[in-house]
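Start by looking over the sequence and the fold.

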Amino acid sequence: MIINSIVLMAPSVEGTLSDVRLAIPSTALLTLIFLQQSYHSSLPKLPYTTFLDDLFTTSYLIAMALFGLFTWGYNAYVAAPDEQKASTMRRINQADTRFQFLSLGLLVLTAVISWGRR
């Protein structure tokens, strides 16, 4: 949940800080992979996915989508003419805010559905 919190807060970083924004999802993705591998090494082989597996899968998807969002934002900002930089940044920040709420909703929905299946 700590890694997810960092990923969900990442869109709050100002859009002009593209190098920082692009580093967060890739670092989070690597961290999630190692956390899931260490968690799986302590369990016997299971023929089904666990609650944590479902959360990890959703977290992977969110981190990948966040990387795509940040890439789009950087490219849109760089390609914008100087007189449209401010409006482009507002559009990027709006997309970031929508992504944060959508991702949080997706994590909660995944947790509820996964917990209900158990």
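Helices (H or I, at least four residues) and strands (E, at least two) are DSSP runs, numbered from the N terminus. This is a predicted model, where local features need pLDDT of at least 70, side-chain atom pairs count only at pLDDT 80 or more, and totals for chains, interfaces and linings use all residues. Residues are numbered from 1 along each chain as its sequence is written, and side-chain values use heavy atoms, with hydrogens and water left out.

**Largest pocket**
- The lining of the largest pocket takes its largest share, four residues, from α3.
- At least two lining residues come from each of α1, α2 (18-41) and α3.
- Among the lining residues are M1, I2, L32, L52 and F56.
- By class, the lining has eight nonpolar residues, two polar and no charged. Ala, Val, Leu, Ile, Met, Phe, Trp, Tyr, Cys and Pro count as nonpolar, Asp, Glu, Lys and Arg as charged, and the others, Gly among them, as polar.
- A pocket here is an open set of points on a 1 Å grid over the protein atoms alone, where a 1.4 Å probe fits, with protein on both sides within 12 Å along at least five of seven lines; lining residues have an atom within 4 Å of a point.

**L52**
- L52 sits in helix α3, residues 51-79.
- L52 counts as partly exposed because its relative accessibility is 38%. Buried means under 20% relative accessible area, exposed over 50%, partly exposed in between (1.4 Å probe, protein chains only).
- Q36 is 16 residues from L52 in sequence and 8.4 Å away in space, C-alpha to C-alpha.

**I6**
- I6 belongs to helix α1, residues 2-9.
- I6 has 41% relative accessibility, so I6 counts as partly exposed.
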